[in-house]
Amino acid sequence: MRNKNLARAIKKLRTNLGLSMAEVARRVGVSKAYISDIEKGREPSVQTLARIAEVLGADWRELAKYSDKYIQEHPMSAEEFKQIRLNAGLTQEQLAQKLFINAQTISNYEDGWPIPRWRVNAMRGIVAGKK
């Protein structure tokens, strides 16, 4: 999938900071060729996008607005996630226990971190009484 808007945004941030593709790649933990591909329109995973944003001093959520892939992989916003939890009468700790994760992860999701589709589906199953 090619996304020129995301590519332009990343390249602009990088060049404004005076960073080379090689330096960004080193800090992110990917190859220079991969950063080049991203700046040509290749969509990174949401996790890689978050690392790139961190290196470039940007909010990954702002960059994600340019990404069709983000919307496809993460169909639920932080607000929706929290509202479903609250409607089910669960604390962050209770939901975390049911999902076999720690409460900090639930807090991170509710603060806007990417929520994997499989975790959204698991949570929906839990609040629907299927687990």
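Helices (H or I, at least four residues) and strands (E, at least two) are DSSP runs, numbered from the N terminus. The structure is a predicted model, in which local features need pLDDT of at least 70 and side-chain atom pairs count only at pLDDT 80 or more, while totals for chains, interfaces and linings use all residues. Residues are numbered from 1 along each chain as its sequence is written, and side-chain values use heavy atoms, with hydrogens and water left out.

Helix α9 covers residues 103-110. At its start, a side-chain oxygen of Asn102 comes to within 3.1 Å of the backbone nitrogen of Gln104. After α9 comes Gly112, which has a positive phi, near 110°. The helix is mostly covered, with six of its eight residues buried (under 20% relative accessible area with a 1.4 Å probe, protein chains only; exposed is over 50% and partly exposed in between). The buried residues are Thr105, Ile106, Ser107, Asn108, Tyr109 and Glu110. They pack against α7 (78-87), α8 and α10, where contact means heavy atoms within 4.5 Å.

Two packed helices are described by the angle between their axes and the distance between the axes. For α8 (residues 92-99) and α9, the axes come within 8 Å and cross at roughly 110°. Axes are lines fitted to C-alpha atoms, for helices over the stretch in contact, and angles run from 0 to 180 degrees between N-to-C directions. The two helices are therefore roughly perpendicular to each other (65 to 115 degrees; under 35 is roughly parallel, over 145 roughly antiparallel and the rest oblique). The crossing of α8 with α9 is right-handed, meaning that the near helix is turned clockwise from the far one by less than a right angle. On the α8 side, Gln92, Glu93, Leu95, Ala96 and Leu99 take part, and they meet Ala103, Ile106, Ser107 and Glu110 of α9. Five residues of this contact are nonpolar, two polar and two charged.

Two residues in other helices were also examined. Arg14 belongs to helix α1 (residues 4-16) and is buried, with a relative accessible area of 9%. Its side chain forms a polar contact with that of Glu39, at 2.6 Å (a pair of N or O atoms within 3.5 Å, one able to donate a hydrogen and the other to accept it). Leaving aside residues up to four places away in sequence, Arg14 touches Leu19, Ser20, Met21, Val24, Glu39 and Leu56. Ala122 is located in helix α10 (residues 117-127) and is buried, with a relative accessible area of 16%.

Methods. Nonpolar A, V, L, I, M, F, W, Y, C, P; charged D, E, K, R; others polar.
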